[in-house]
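Dear colleague,

I am handing over the structure we spoke about, and the notes that follow it set out what was found. Please read them with the model open beside you.

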Amino acid sequence: MQKYSIISSPQTLINRYTVKCFNSSNAMHVFLNKQYDNKWSITNYPFKKSGTYFSQYNTKDGQQYHNVNELIC
């Protein structure tokens, strides 16, 4: 089953993003229609779950996103 993800605009001066995952495109569009601002955008990156992510650019693999909760030891 395909997951649908949306991502927020990056917070100022840091590469942290908030991601929300949905099981259907309909649920995603209902959420987007309730928003009063345009800080959310649809992404093609295959996020597995909702949460806060840190982005890092790697010259070999390109843009990568890491879940902040998984990085904390």
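**The pocket and its surroundings**

The largest pocket has a volume of about 170 Å³, a volume being the space filled by probe spheres set on grid points that are joined across faces, edges and corners. A pocket here is an open set of points, on a 1 Å grid over the protein atoms alone, where a 1.4 Å probe fits and where protein lies on both sides within 12 Å along at least five of seven lines; lining residues have an atom within 4 Å of a point. This is a predicted model, in which local features need pLDDT of at least 70 and side-chain atom pairs count only at pLDDT 80 or more, while totals for chains, interfaces and linings use all residues. Residues are numbered from 1 along each chain as its sequence is written, and side-chain values use heavy atoms, with hydrogens and water left out.

The pocket is lined by Tyr45, Pro46, Phe47, Lys48, Lys49, Tyr53, Tyr65, His66, Asn67 and Glu70, and strand E5 (residues 62-67) provides the largest share of that lining, three residues. Pro46 sits in the loop between E3 and E4 and, at 62% relative accessibility, counts as exposed; the terms are buried for under 20% relative accessible area, exposed for over 50% and partly exposed in between, with a 1.4 Å probe and protein chains only. Between Pro46 and Tyr65, which are 19 residues apart in sequence, the C-alpha to C-alpha distance is 9.7 Å.

As for the fold, the protein has two helices and five strands, running β-β-α-β-β-β-α from the N terminus on; helices (H or I, at least four residues) and strands (E, at least two) are DSSP runs, numbered from the N terminus. Buried residues make up 26% of the 73 residues.

Which residues form the largest nonpolar core? This core has seven, namely Ile7, Tyr17, Val19, Cys21, Phe47, Tyr53 and Tyr65, and strand E2 (residues 16-22) gives the most to it, with three residues. A second, separate core of five residues includes Ile6, Phe22, Met28 and Phe31. By nonpolar core I mean a set of buried Ala, Val, Leu, Ile, Met, Phe, Trp, Tyr and Cys residues joined through side-chain atoms within 4.5 Å.

The structure also holds seven aromatic pairs. The rings of Phe47 and Tyr53 have centres 4.7 Å apart and planes at 65 degrees, so this pair is edge-to-face. Rings of Phe, Tyr and Trp (its six-membered ring) pair if their centres lie within 6.5 Å, with planes under 30 degrees apart counted as stacked, over 60 as edge-to-face and the rest as tilted. Both Phe47 and Tyr53 are buried, and ring pairs link Tyr17, Tyr45, Phe47, Tyr53 and Tyr65 into a cluster.

Two polar residues deserve a look as well. Ser55, in strand E4 (residues 51-58), counts as buried at 3% relative accessibility, and its side chain is joined to that of Gln63 by a polar contact of 3.3 Å (a pair of N or O atoms within 3.5 Å; within protein, one must be able to donate a hydrogen and the other to accept it, and residues adjacent in sequence count only if both atoms are side-chain atoms). Thr43, in strand E3 (residues 40-43), counts as buried at 19% relative accessibility, and its side chain reaches the backbone nitrogen of Tyr45 at 3.2 Å.

Best wishes
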